[in-house]
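Biologist: I would like to learn how to read a few features of a protein model, one after another. Could we begin with charged side chains that pair up?

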Amino acid sequence: MATVEQSAAWEKSGLKTRALCRYGIVLWSMTAGLPGVTAEAATLDESQKKKIPQQQTKENDEPTSVESLVVWGERNKKATTDGTGSYVVKAVSMSKMLLRLDEIPQSVSVLSRQQMRDQNLNTVDDALKQVPGVNVNLYGDGTAGMTSRGYALTPQFDGVPSTGGLQMSQQFDVAIYDRLEVLRGPNGMFQGSAPPGGSVNFVRKRPLDQFKAQGSFSGGSWDTFHADADVTGPLTESKRVTGRLVVAGTDRNFFYQKAHDRRWTVYADIDVHITNHTTLSMSATGQKNDTTRFMGLPRAADGSDLHLSRNSFVGADWGHTTSPMYELGGELEHRFGAGWRARLSGRHRDTDTSLHYTYINSAVTSQKKANFVVANSVIRDQYDGVDLYFTGSVHLLGRKHDLVIGGNYDSDVMTDGGASQNSRINTGLSGLNIFDPVISSDIQPDITTMYREPTRQAGIYGSARIELLRSLHLLMGGRISFYEYKYKNISTNTPYVISQKNNAVPTPYLGLVWNIVPNISAYVSFTDTFTPQSAFGPSGRLKPDLGQQIEGGLKGNFFHRNLNVTLAGYRVIERNKAIEDGSLDPICGRTGTSVCYRAAGKVRSQGMEAEMIGRILPGWDINASYTYNDNVILKDSSSSQEGLAYAPNSPKHLFKLWTRYRFAEPGQTRNVWSIGGGVTAQSSTFGTTRTVTQKSYVVANAQIGYQLRPELNITLNANNISNTRYYQRLGNIYYYNYYGEPRNFMATVQSVF
């Protein structure tokens, strides 16, 4: 029987006991109604105690930045996280309409600036490791592959989709970003051609109209150092022009021998408020790096663990990669009135990568010897993207409906070439000690063939959020996409060969959101995406590989929207995967002499996700998630593969936790202690070779902090406190097996002015 105090709490939150029983959500609603936690108390943090005027802007104030213009007039829908002191966002910008999380019928997580600051996260790899359901697989040169639900993630940069720039690509320091928005599941409507894993939207910091300077310096195990400085404010007395400059640098060794990484990132942004309704934003970002190329450790011929020391380095110590990146961006936004606005965004990025390294290509003997390959490659990527959309509201039949219509263009022109030398060509590369191979850096195979490979796609999209009832919204929309990939041998200047081309491919989207009670909603959605294929059948090129998802779940927000909870279930079916047709002679392809394929392969990924993020009590922040994913091959050209798991390095069970508590009354900013901790636990996985496996493991981290005064904070992080021995990524029997970091420590000083 409920107590008098509980009944009063329920009544205070506007929920009746009858409704609680009806919907089976007693625990959530009790939490929403707990007394003694106000919106002000729940959101106070040290970053807010200075009461920056920018953050106190009223609803009717003029916008002072592009992001302010986006949300101007949208009460309680501010997408920016920098300076809020919260892990929770009021809205998500990747939907174009600027919707709250509980208004989106898909799984979306946002890593805020406050959490990145609290955890001292400096790289995109480390940041995405904190996101529910995301797996990060390292490549040993500062790049990684990111997956969700068994499929690769694709990037957006301030809402502009990009074909490349995430997988196996160098990334800017996260000091330049306000937040990372991650949508899990197909995002064909805004992304275009992409795997059904989802999208990561990298949202840059924007200038403020009040002066603010902040910085941090970190130092830790293995001579790891990181520093960043961030200055923003008005550039003119009228505050019509504002700017921001961020500089960040890393200089570090690794727990394994002979490896080093040094990189610097510089980011500058200027916002020009042309009128009270129009803002132009211009940005430039640059980064240079010099990184050791480490291909990871080998395994035994049968895939078993060789139990090598965690500080082992295999290969020549001169292997390296450099990848200078430069990006220019621009945005023009205009508010028409009556809730309508238009936004034009564009970006151009140049990446020039050079790699020279060695790796093993034979089984390791009992004497720890193997054959080596020397590789040399150059890759230049030119990314260009443009996105234009209009969004606003219309009133029809006494109800408000939100609309968005737009289009985007994305181009990735890759110029690349590579060459290698193995032990068959150079006998001096055979039978070498894997830890100290005598291989001269003068062995640099000549690159004699270069290719130019443009990938271009364009599309138009539209979406509507229709208010059927005050508590029931229908979301529907879609996209028409055009895609082309071609290549040419520029060394011989041969004509372009169009390898993949698809015209007018539809990708529908449908969702329904029901607000059961004011702070809890149920949703269901159908989403779609496609991936072009290069294989041929007897009648020509195969139709695109289609990914379709059905998802449903519950979303709740508590403590005046300072704590979000999500429960989701999903099922993804990927159809039309190319399967070799053994019943036909090799009569396919452009020359009529290639192997024939059928578009009949099928893969399924299904599971559930649970996430809780935000502030439980004043001073207590948390981000916790559990993911269950079951991915399996349903149909394949090899029947022995059917029924097996599809995705390597994708655990069935994945649990992530980070929490932090400040021992202080709301408003106290001097002599404040804090403690934090995190856990990552996952079940067994296999590598790119199925015989390479590892069992489940748990890694725990801890943090202690001390805030001397509002402007100065000191933290000490202890990572992998139990010194667990595990592989953070598995590959094959030759390479791409990377140990996770042993126990290590990092001290950080943060300052805000």
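Modeller: Side chains of opposite charge can pair when their charged atoms come close. In this predicted model, Asp141 and Arg293 are both buried, and Asp141 forms a salt bridge with Arg293 in which the closest N and O atoms are 3.3 Å apart.

Biologist: Where do Asp141 and Arg293 lie along the chain, and how many residues apart are they in sequence?

Modeller: Asp141 sits in the loop between strand E2 (134–138) and strand E3 (144–148), whereas Arg293 sits in the loop between strand E13 (278–292) and strand E14 (320–322), so this pair ties together parts that are 152 residues apart in sequence.

Biologist: How many salt bridges does the structure have, and which residues are linked in a network of them?

Modeller: The count comes to 40 salt bridges. A network of salt bridges links Asp158, Arg204, Arg206, Asp269, Glu331, Glu333, Arg341 and Arg343. Another salt bridge joins Asp178 to Arg179, with the closest N and O atoms 2.7 Å apart, and here too Asp178 and Arg179 are buried.

Biologist: And Asp630, with which residue does it form a salt bridge?

Modeller: Asp630 forms a salt bridge with Lys652, and their closest N and O atoms are 3.9 Å apart. This pair links distant parts of the chain, since Asp630 belongs to strand E30 (residues 620–635) while Lys652 is in the loop between E30 and strand E31 (653–663), 22 residues apart.

Biologist: Is Asp630 buried or exposed, and why?

Modeller: Asp630 counts as buried because its relative accessible area is 16%, and buried means under 20%.

Biologist: Let us turn to sheets. How should I read the pairing of strands?

Modeller: Strands of a sheet pair through backbone hydrogen bonds, either parallel or antiparallel.

Biologist: In which sense do strand E5 and strand E8 pair?

Modeller: Strand E5 (residues 154–157) and strand E8 (residues 198–204) pair in the parallel sense, over 4 bridges, and Gln156 stands opposite Asn201 in E8.

Biologist: What can be said about the cavities, and what is the volume of the second largest cavity?

Modeller: The structure holds 14 cavities of 30 Å³ or more, and the second largest cavity has a volume of about 330 Å³. Of the 29 residues that line the second largest cavity, those closest to its centre are Arg113, Arg117, Gln214, Asp228 and Gln750. By residue kind, the lining divides into 5 nonpolar, 16 polar and 8 charged.

Biologist: Which elements supply at least two residues of that lining?

Modeller: They are helix H6 (113–118), strand E9 (212–220), strand E10 (224–234) and strand E39 (744–752), and the largest share, 5 residues, comes from E9.

Biologist: Finally, which residues have a positive phi although they are not glycines?

Modeller: Lys258 is one of them, with a positive phi of about 70 degrees, and His560 is another, with a phi of about 55 degrees. Lys258 lies in the loop between strand E11 (241–253) and strand E12 (260–273), and is partly exposed, with a relative accessible area of 33%. His560 lies in the loop between strand E27 (545–558) and strand E28 (563–580), and counts as exposed because its relative accessibility is 51%.

Terms used
Residues numbered from 1 in each chain as written. Predicted model: local features only at pLDDT ≥ 70, side-chain atom pairs only at ≥ 80, totals over all residues. Heavy atoms only, no water. Buried < 20%, exposed > 50% of the residue type's maximum accessible area, 1.4 Å probe, protein only. 1 Å grid on protein atoms, 1.4 Å probe; cavity = no way out; pocket = protein on both sides within 12 Å on 5 of 7 lines; lining within 4 Å. Points joined across faces, edges and corners; volume = space filled by probe spheres on them. Nonpolar A, V, L, I, M, F, W, Y, C, P; charged D, E, K, R; others polar. Pairing = 2+ DSSP bridges. Salt bridge = Lys/Arg side-chain N within 4 Å of Asp/Glu carboxyl O.
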